[in-house]
Amino acid sequence: MRGLICGPKLAACGIVLSLWGIIMLTMLGIFFTTHSAGLIEDVPVTEDDMKDDNPPQKIYALYEKVGTNCFIAAAIYVLFGAFSCCQMKLIKKREYLVH
């Protein structure tokens, strides 16, 4: 069967991990873009950012950057999940073929 790369267990594992990654990274992206105070430790703030003329705006820009990175990572998980679903459909199709 052309295009079949992984087995049924690996495809199912890929689907589960993709769903978890999509949910988690989307939620993190939302929280970062809304400037959640609980996530301040995960924002890469340096001493130079605090010496700027307007430190809150600089920190908010860093929040936005991290949030965008989370959304990009979630999109990559969507692609990986689509690949795993295609693999699962190829496996199901192979089961119905008569040899």
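## Isoleucine 59 and its contacts

Setting aside residues within four places in sequence, isoleucine 59 is in contact with Ile40, Val43, Val45 and Met50; contact here means heavy atoms within 4.5 Å. Keep in mind that this is a predicted model, where local features need pLDDT of at least 70, side-chain atom pairs count only at pLDDT 80 or more, and totals for chains, interfaces and linings use all residues. Residues are numbered from 1 along each chain as its sequence is written, and side-chain values use heavy atoms, leaving out hydrogens and water.

## The largest nonpolar core

Which residues make up the largest nonpolar core? There are eight: Phe32, Leu39, Val43, Ile59, Leu62, Tyr63, Val66 and Cys70. Helix 3 (residues 55–96) gives the largest share of this core, five residues. A helix is a DSSP run of H or I with at least four residues, numbered from the N terminus. A nonpolar core is a set of buried Ala, Val, Leu, Ile, Met, Phe, Trp, Tyr and Cys residues joined through side-chain atoms within 4.5 Å.

Now look at helix 1 (residues 8–33), where you will find serine 18. Is serine 18 buried or exposed? Its relative accessible area is 2%, so serine 18 is buried (buried is under 20%, exposed over 50%, partly exposed in between, with a 1.4 Å probe and protein chains only). Beyond residues up to four places away in sequence, serine 18 touches Tyr77, Phe80 and Gly81.

Phenylalanine 31 is also found in helix 1. Phenylalanine 31 counts as partly exposed because its relative accessibility is 37%.

Notes
Helix = DSSP H or I, 4+ residues; strand = E, 2+ residues; numbered from the N terminus.
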